[in-house]
Amino acid sequence: MLFNSFEFLIFFPIVALLYFILPHKYRWVLLLAASYYFYMAWKPGYILLIIFSTVVDYFASIWMAKQTDKRKRKVFLLISLFTNLGLLFIFKYFNFFNGAFFALFSQLNIPYNVPQFNLLLPMGISFYTFQTLSYTIDVYRGKREPETHFGIFALYVSFFPQLVAGPIERSDRLLPQFYQKHTFDFENMSDGLKRMAWGFFKKIVIADRLATLVDTVYANPGQFNGISFIAVALLFPIQLYCDFSGYSDIAIGSAKVMGFNLMENFKRPLFSKSVTEFWRRWHISLSSWFKDYLYIPLGGNRKGTFRTYLNLFITFVVSGLWHGADWGFVLWGALQGLVIGLERATQNIRARISEWLKLDRAPFLLKLFQVSYTTLMFAFGFILFRSRTVTKAHYILKGIVSITPDMLTVSALKTAMGSMGLGRVEFVFAMISVFVLWVVEMTERKVPLFSHDSKTPTVLKWALGLALVFSIILFGVFDNAIKFVYFQF
């Protein structure tokens with residue numbers, strides 16, 4: 001089920017109403033049934049994968065905790081790892097690696113006839129797989145006791161607000177909340193609904209409108225020139241941010257209505273002053289997952305300079321592969337690792353240059369330069385991310401560096417904009433909505449607009465909420481419910 005669907009607008013109020021009507025001891029049953037129904041609305045049969053992973057991890061963690069011998073504990077950890085990563089590999093990565101082996105063996109003139117699988121990628125499999133893996137790894141490490149209530153554990157794996165695109169919650173945060181008795185709270189409902197409205201605005205008004213423009217160019221890059229490629233290179237990161245953070249806002253808001261607190265997944269990443277800072281603000285639940293369960297186990301920064309850079313590089317390459325089974329994603333991850341390693345290596349040099357140029361006397365200009373640099377770097381990187389193939393990314397990058405003066409005339413710009421899928425009025429709406437995004441996020445640096453803790457007058461907060469609702473109704477893209485980008489991961 002999509003958040004931006006009519007079905008969800010019926011589903012969520014019913015679930016929230018029943019949640020507060022039912023006695024506390026039966027609420028987990030409602031939420032588990034609602035979560036399974038939410039997922040089955042997409043493809044019913046694939047719920048068996050979630051149930052299978054749930055059963056394996058539930059018993060593996062309980063049996064693991066009973067062992068005093070670390071080697072025996074590791075056996076049950078490996079059962080969990082092989083089960084979850086095995087399913088992820090079969091459905092998401094088998095064809096990718098099978099194709100790579102076929103290409104390699106063909107070059108070596110070695111027969112290779114392993115057929116490809118014709119399988120539909122389960123929605124959100126990377127998210128719920130990582131969520132349940134963090135639980136079993138924490139049990140193995142002795143950081144938590146295993147959950148003995150099967151229903152509560154199943155709910156932790158499948159909680160519908162964050163099931164298919166995160167945030168990837170840790171068990172120590174989310175599991176205890178299912179035992180808490182939540183009473184209806186007007187402030188929670190108000191905060192949650194306003195947060196959901198902001199998420200819907202970002203998704204339906206901004207992301208889905210920009211998607212028309214971006215998808216048009218990327219679908220047929222041969223019909224466009226360099227100025228169009230620059231436009232989509234700069235606009236796709238905004239589309240992706242509004243799409244993904246919009247999902248997180250709706251997830252956090254819908255959980256908040258029922259009294260649950262999910263972790264923040266984005267902290268205004270478009271204002272980052274470095275690529276390193278960007279990854280501390282973007283998809284925080286995934287970045288922290290890789291830090292805790294890959295980077296640090298590899299040695300982190302504890303084994304010398306070379307190993308630190310190598311560990312960073314490996315972590316980002318794996319992160320790229322997590323996003324998709326394609327060489328474009330792998331290279332995109334490798335590029336992020338290289339840039340962050342370069343930033344780390346030149347940190348002292350850049351500080352000295354800044355001091356020598358006395359840039360501290362012009363902090364606004366310095367920050368403007370840093371944010372602009374970061375914007376260009378991740379816009380460049382996201383060309384690989386969006387292109388999916390190295391060939392298409394190379395074509396677009398080649399078009400960008402091949403811009404000629406005649407492409408920059410007013411008539412040429414109008415022609416380019418007119419052929420990218422959006423009319424002039426639609427394009428103006430898109431730019432105004434992006435400006436609104438910028439104003440809101442700039443304001444939220446000091447004033448939390450969507451929380452009752454804010455000192456903003458109540459009238460103004462409700463006015464903002466109503467303005468969002470009317471903007472969604474008047475300017476939202478409703479022709480077809482467009483899936484959230486990260487559903488495919």
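**View 1. Asp 292 and Arg 170 form a salt bridge, with their closest N and O atoms 3.0 Å apart.** The two residues belong to distant parts of the chain, 122 residues apart, with Asp 292 in helix 11 (residues 284-295) and Arg 170 in the loop between helix 6 (150-158) and helix 7 (171-174). A salt bridge is taken here as a side-chain nitrogen of Lys or Arg within 4 Å of a carboxyl oxygen of Asp or Glu, while helices (H or I, at least four residues) and strands (E, at least two) are DSSP runs that are numbered from the N terminus. Arg 170 is buried at a relative accessible area of 14%, whereas Asp 292 is partly exposed at 25%; buried stands for under 20% relative accessible area, exposed for over 50%, and partly exposed for values in between (1.4 Å probe, protein chains only). The model is predicted, so that local features need pLDDT of at least 70 and side-chain atom pairs count only at pLDDT 80 or more, although totals for chains, interfaces and linings use all residues. Residues are numbered from 1 along each chain as its sequence is written, and side-chain values use heavy atoms, with hydrogens and water left out.

**View 2. Glu 277 and Arg 281 meet through their side chains in a salt bridge of 2.8 Å, N to O.** Both residues lie in helix 10 (residues 275-281), where a spacing of 4 residues places them about one turn of the helix apart. Glu 277 counts as buried, with a relative accessibility of 14%.

**View 3. Asp 69 and Arg 71 are paired by a salt bridge between their side chains, at 3.6 Å from N to O.** Arg 71 is exposed, having a relative accessible area of 67%, while Asp 69 is partly exposed at 26% relative accessibility. In total, the count of salt bridges in the model comes to 12.

**View 4. The structure holds 64 aromatic pairs, and in one of them the rings of Tyr 58 and Phe 150 are edge-to-face, because their planes stand at 90° with the centres 5.1 Å apart.** Tyr 58 lies in helix 3 (residues 47-66) and Phe 150 in helix 6, so the pair ties together parts that are 92 residues apart in sequence. Tyr 58 is buried at 9% relative accessibility, whereas Phe 150 is partly exposed at 34%. By the rule applied, rings of Phe, Tyr and Trp (its six-membered ring) pair if their centres lie within 6.5 Å, and planes under 30 degrees apart count as stacked, over 60 as edge-to-face and the rest as tilted.

**View 5. Trp 198 and Phe 201 form a stacked pair, since their ring planes are at 10° and their centres 5.5 Å apart.** The two residues are 3 residues apart in helix 8 (residues 186-219), a separation of about one helical turn, and both Trp 198 and Phe 201 are buried.

**View 6. The charged end of Lys 92 sits over the ring of Trp 322, at 5.3 Å from its centre.** In another such arrangement, Lys 43 lies over the face of Tyr 46, 5.7 Å from the ring centre. A charge is said to sit over a ring if NZ of Lys or CZ of Arg is within 6 Å of the ring centre and within 35 degrees of the ring normal.

**View 7. Asn 109 has a positive phi, near 55°, in a residue other than glycine.** Asn 109 lies in the loop between helix 4 (70-107) and helix 5 (125-141), and is exposed, with a relative accessible area of 71%. Arg 268, likewise not a glycine, has a positive phi of about 50°; Arg 268 is placed in the loop between helix 9 (226-257) and helix 10, and counts as partly exposed at 25% relative accessibility.

**View 8. Tyr 218, found in helix 8, is buried with a relative accessible area of 2%.** Leaving aside neighbours within four places in sequence, Tyr 218 is in contact (heavy atoms within 4.5 Å) with Val 232, Phe 382, Ile 383, Arg 386, Ser 387, Lys 392 and Ile 396. Tyr 218 and Arg 386 are 168 residues apart in sequence, and their C-alpha atoms are 8.0 Å apart in space.
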